[in-house]
Amino acid sequence: MNEQLLFDDKNKFLQKLEELVKSGVSPRNIAVSTPYPVHEVEHILKTPPSPLRFFTLLGALFGLLFGAWFTSWTSINWPLIGGGKPIISVPAFVIVAFELTVLFGGVISFLGFLFLTRLPSVKSIISPEEYGNRFVIQIHSEEKK
Amino acid sequence: MKRRIMPLVLSAYFVLFIIFVVLLAYFWNRDSKTPVQPINFSHQIHVSKVGLQCTFCHDKVDKSTFAGIPPVQKCMSCHKNVKTESPEIQKLTRYWEEKKPVPWKRVYSFKIQNYVYFSHKRHIKAGLDCSKCHGEVKLMPQMKRVRQLEMGWCVSCHKANMAPTDCVTCHK
Amino acid sequence: MDRRDFLKFLGISSGTAMISSCGVDKANEKIIPYLIPPEQDVYPGKPVFYNTTCTECPANCGLSARVNEKVYDEVRGLFPTKAEGVKGHPINNGALCPRGQASLFRLYHPKRIQRPMMRDNDGNFRVATWQEAYAYVTTELQAAKEEKKDNLYFSGRTTGTLAGLIGRFCEEMGIERLPEFEIFSHANLRKANEIVFNQPEVPHYHIKDADFLLTIGADILETFVSPVSNAAQYGEAVKNENFTWYHLEPNLSMTGLKATTRLAVNPHSEIYFLAYLLHALSRSDIRKRRPSWAIMNMVPDPSAEEVSQKTGISAENLEHLVSAFFIAKRPLIITGGVSTAQPGGLEAALLTALIQAAMGMNDTVVDFAHSQNYEKVGSMLDVQELLERLRNKAVGVIFISRSNPVDDISANFNFVEELKNARLRVGMSDFMSASMQECDVVLPLSHSLESWGDAAPRKGIRNVIQPAIEPQYDTRTEGDVLLEIMRTASGQKQGPDYNQYLIEQWHSLYGESETVSLIENGYIEEPVSPLSIAVDTRSVESYLKNTDFSREVAAQPVLIITPSIRTYDGRSKVLPLLNEIPDPLTTVTYGEWVSVSAVAAKKMGLKDRDEIQISVENENLNYPVKVQNVLPENVYMVQRGLIYAIKTDIDSRSGEASWYLDNISATKTGAVIPLPILSGSMHEEGRGILSSHESVVEHSEHYNEKLKEEVDVEEERIYPKHPHKNYRWGMTINQDSCINCAACVAACYVENNIPVVGQKEQLQGREMSWIRIEPFVRDDRDIEFTLMLCQQCDNAPCEPVCPVYATYHNPEGLNVQVYNRCVGTRYCSNNCPYKVRRFNWFDHRLPKPWDKMYNPALSVRGRGIMEKCTFCVQRIRAAEDMAKDEDRLVRDGEVVTACQETCPTKAITFGNLMDDSSRVSQIARSDEAYRVLEELGTEPAIHYLRKKERKSEA
Amino acid sequence: MRSIDYNEQLEHEVLAALRKPNPWYWVALVICALLFGMGLTLWIYQMLKGMGVAGLNNPVGWGVYITDFVFWVGIAHSGTLISAVLFLFRAKFRNAFNRSAEAMTIFAVMTAGLFPLIHLGRSWFFYWLFPYPNQREIWVNFKSPLIWDVFSLGWVGSLRQWWHYNRLYIFLAAFATPLVISVHSVVSWDFAMSIIPGWHTTIFAPYFVAGAIFSGTAMVLTLVIPMRKIFRLEQYITLNHFEKISQVLLFTSLIVTYSYIVEFALAFYGDHQFEAAHFTYRLLGDYQPFYITMLICNSLIPLTLFFRKLRRSIVYLFILSIFVNIGMWLERFVIIVTSLAKDFDPYSWGLYTPTMVEVGITVGSFAMFFMFFLIFAKVLPVLSITELKEEASE
């Protein structure tokens, strides 16, 4: 059985949610949609921390390494002396590496976010469920394999 | 209606951009690989049939930065009596009699000619064969360009043969 | 007859024959072959050199034209692309002055007269054929004769075969040959020498043999008689440790600033000093021959006090000078230029001659045997006589050849008006000058680089003039013109042309073999009969009888019209390059100006570019001001040739044109006139650029220590020194022998295809010169110059900031600029502490036909590209190419940069700093060596040699 | 407690801004478009004729264009900071400005990005500045600060994805702060890395970052105040918000003033004749008027914000923000031009006066910025609705 509960008031919504969780409905089967982010929900449903940060970390690491390698490689590829500095002059390259760290960190976390939330999903565009400014709780029945 | 402003602007922008790129691609480097020469001179005949050496006509190739084009007199030295009946040779003799140099069309040239200084001499002295750059000329009835003479191509060869890759080697 | 036939005629098939083999012009879509192959094995990348003669001024230096082969307008041809000096030439020994360097701009000048022209009835020029021109002139000559009018031949200074031919021409045609016209006729000098020695000549001064030099007014390093020769000798002389040079002048010249001691004298007061000196010498026992008592009695004997009061030279300076003169072994005194072109000029020259005689200089350093061939040159007296005859309508046909009297003769003689009284005016010139505009028939002459001929710059030297390019237009040599006219007159069809005439002359003079060497070397030295020079006491006495020395010192302030190192007497003003290059002393480029002393400027509240009005009697002249430090307060200076409007008088005794306007008054008008002054500040402000600066002294010593112990150097660095392969190219500039003549600047422009941008751009501060001369005032009593060009720093600040590697440091220590990679961020220029990088703000191609001059060995930069001194990388590459053929390294002295090659005093040395035996590295290690802005740690490859301390009295 | 009707009303009014077409809006848009077009034409003219049409010359190789560049980058980063930093500090009032600030960021970056191209002598080869694989096998010089710029601008563009979702927002905000600081540091190194007196100094990075926030905040005010009026958003952008912003303005102004003092202190305390000579010149030399005006705009006028009354006066803030914008533009101009005009070798000293071309292109760049902003105002909600709801709910 599928159940859908609509609330106009945030607190009522939160109370109900807590009850549900206490009553043993596994958070996995509860879907909520709110007009704006309600951080309490996370505590109630004890959703595990988003894996997004790992994307960020990976991106950052990749950016760092790529920056270090790319700058050095291109410089060695055709060594040209400038201003008496060595071909691989670390201080300058550190800056580029840092910039790439941030760049890839940012971009990849965004991609990761799209990946995790399955955005942009065609469905959500074609038939957007419209709840306006209301708080919704959906409870899915246990489907068993 | 207002919501359409952005899409309209953007699409218009992209259409223009694409047109621009297409035009660019179309007009980019249109110089033909095989220019039509004032006289239909055949390297094939002169090299393969007659068996002349490249240096017989291009005699400065190992002395000068430029291989050099033979003076009309050199052509005439043979063609005064060789194949005089052929219309092409008659063209040549006309140039000779009118004391006009033959306006040969250039086949090989650098994209940014003004800035590249290539020396035939050095490459010949380094033991390079003409065909390395100019292809199998002896098989060409009509001279055609086989290389685009792009910097990357020069450089790859220079690197392979430990030739200098210092910029002033070619750019002055 | 073209060059090859000419040489065949002489039986020369080798040597300097010019036709080169086929080559390919890169910038052309077609490949134009030759019709006929050359017999000569010359090919692209290997230019030919022809030794000929520079005709830009009367000095006639040996000029070696570099001819490159290229296709121009679809025609394969050979084009002179650079002028160098003839190596080992007795006059200029491989050097040239800026005017000589720029002479190619005359050869290719768009305003060259391209075909004969005659006035039609309504007074406009129309193109004519040579034949009708000849016919017309001959009939006119005849008609004039019948009218009992005299036909006159009025030319500039002419020497060698042509002089003889003109003589013959005038004889046969019954034409009177007037004394030759030069505005710098040295009339007083020659007159004085005539009186004293019976030698109406300008002697040849052996400056290099002198150990004490005293010059009075003579700007020997700029324009005086044979400047390059003087400069070259000076370069020799300064090598001598105890060479001392006093220079006395009423104005301020670069020559004066080079002297060991420069003493400013009041205008017209030189004679007091000279008289004093003469007596001092004759009293002492060091003089060789005492002048006759009679003479000495007639020369006033002023006291030291009187002299220093009149001249403004302090007593002790006078003392020093005289004593220095006394201890000198081979003293030399030269009076000329501004000091002879004054009311007392003749006396000054005379006293000088007496001093020379007294010191026995005529046997050693003052050489009349090799005098400068001025005997046929007249003076303004002759011009006056000519004017008289014109006024009396006594002149029929007048030939005006190779001179520009209309501009040169000061306006108050109104030459232009009088000239109209002649029946016919025939002009001969290569250029449409003001004088040619006044003529009825204009016969275009070939430029000296287009024609055969010869010249005798001074006795004992014969220069060849030989073509480096076929005549570009329908022009003739003057010799051919004269021969043709004679032929037309005598009605004969055939006859020898000038070339054959020349050959006969040479063969008769030198014989076949000598003639060949004349053409190949560009000159021969003929033996001259030694002269025994003695004072002609009688003529001196008779002259002195009716002279009074009590001449008043000029009523100040005075305006002095000096010659210009850039335009000589104005004849080189038409060459754009010489306008583009700043006048070294003022750094003014385009336009006219008056130099006003800093003191006077302060009093009048004048700044640079303010307009002042200079009033003489009823004349008013308005010009912008250039404030000039060190210049005496009451002296104003303008340059002849820039300003023709000024009316000056002449010396009625000798006919010397005066360079002075006495008793002028100057007032500020309040207007400001845009005048391109390139120097941002004349004050060095203790920045360690001048050699005299303490920090420099200290730095240079510091630097030498570093060189001695390379270890310390390593310790001082963050990064290790980067390696060089085989070469590290470097340069030394000897500031002691550098005379700031700007020849290097001109040479650099021509060699490196540097754009000439014009006045508008220069007003914007966008000059393009790769090498420049920076004048800096030193505690207001002296001006020091320094040469600034790309320092090719080892740690170049310009390199790391380029985002695209368009500039980088190559293994040979060159700071390379890759033009086609440059995107034009201009960051490198911002970051260059020497500000020697130049940005192409626009496309500045030389207009046709000047672009024939482009050096094919390197590129012509387009807009948006940064450029700078490359140490003439094209020359370096050529030398390395040659060395590679012989499988060896480049030898020391094989690479010669353009600036180095043309330097008259050999102040510049170039070579490989890695090779300890090379001259450059030895000089760089000397104790005088220092590097500009050393403390920035840029490690420049250019080492300056500190200038020896010199005293100067403002 | 507030309820849905509040939310609906809010949605209605905010979105209203998107619906109503106002004739004045169109006039403004057209004018901007025309000026923008003029700017473009001038740029093309400059490319065809040569850099010479600008007033630049031999000592002064950089002028108005680079000034504009730094100016716009500054604004861009301040926009980012406002949305990012304030988020990290959970500063609620930020929401009001968020959208404008972010839009500003993007448009400013677009404008700024143009100037490095405009000032190139050979703009058509701009792509050589990017490290793309090419047949020449020549890469870019990573030692050059200009290349660092290329990258830093790279990411600012990628920031635009932020304003989609809160969860991600916190991550990116965490990045954004150091990022923005470093970006502007990098821009400042364009100068600090050189050896020219007046540029070669270690304080530039913080100095420029502060300057960026300062000018950016000012620009926010310049934009938001009229917007608030036009779209009648008084209810959502309250005086408290403005007061807070003006406090930021005051604070950064003090920092900037401090750096002005430090510059001189360094020059005269450190025994370096070139540095000392330069700062004497900056204060007393040919460009004195600019420098004085700059001091007045950036250091004196903002001091008035110590008065609460003025902090809460919309009109005053608007005028002040204009002054600050001018002042900050002049600051960059003075730093760039005076340093170049008189450097080491007195012979090559020279002055620089901008030409009409430069002025025109600068005007064009402003026009472009405002044009995009106007379009934005019509096409997207000016305020972040979700964030306002969130804020309102607490």
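Mentor: Helices here are DSSP runs (H or I) of at least four residues, numbered from the N terminus. With that settled, note that the model is predicted. Over all chains it holds 68 aromatic pairs. One of them is A:Trp69 with A:Trp73, a stacked pair with 5.6 Å centre to centre and 15° between the planes. Both residues belong to helix H3 of chain A, residues 52–77, where they are four residues apart, about one turn of the helix. A:Trp69 has a relative accessible area of 47% and is partly exposed. A:Trp73 is also partly exposed, at 37%.

Buried means under 20% relative accessible area. A:Phe70, at 10%, therefore counts as buried, and D:Phe142 is buried with a relative accessible area of 1%.

These residues belong to one aromatic cluster, made up of A:Phe62, A:Phe66, A:Trp69, A:Phe70, A:Trp73, A:Phe93, A:Phe104, D:Trp139 and D:Phe142.

Rings also take part in contacts with charged side chains. B:Lys74 lies over the face of B:Phe56, 5.5 Å from the ring centre. The charged end of C:Arg821 sits over the ring of D:Trp128, at 5.1 Å from its centre.

Technical notes:
Residues numbered from 1 in each chain as written. Chains lettered and ligands numbered in written order. Predicted model: local features only at pLDDT ≥ 70, side-chain atom pairs only at ≥ 80, totals over all residues. Heavy atoms only, no water. Phe/Tyr/Trp six-rings, centres within 6.5 Å; stacked < 30°, edge-to-face > 60°. Helix = DSSP H or I, 4+ residues; strand = E, 2+ residues; numbered from the N terminus. Buried < 20%, exposed > 50% of the residue type's maximum accessible area, 1.4 Å probe, protein only. Lys NZ or Arg CZ within 6 Å of the ring centre and 35° of its normal.
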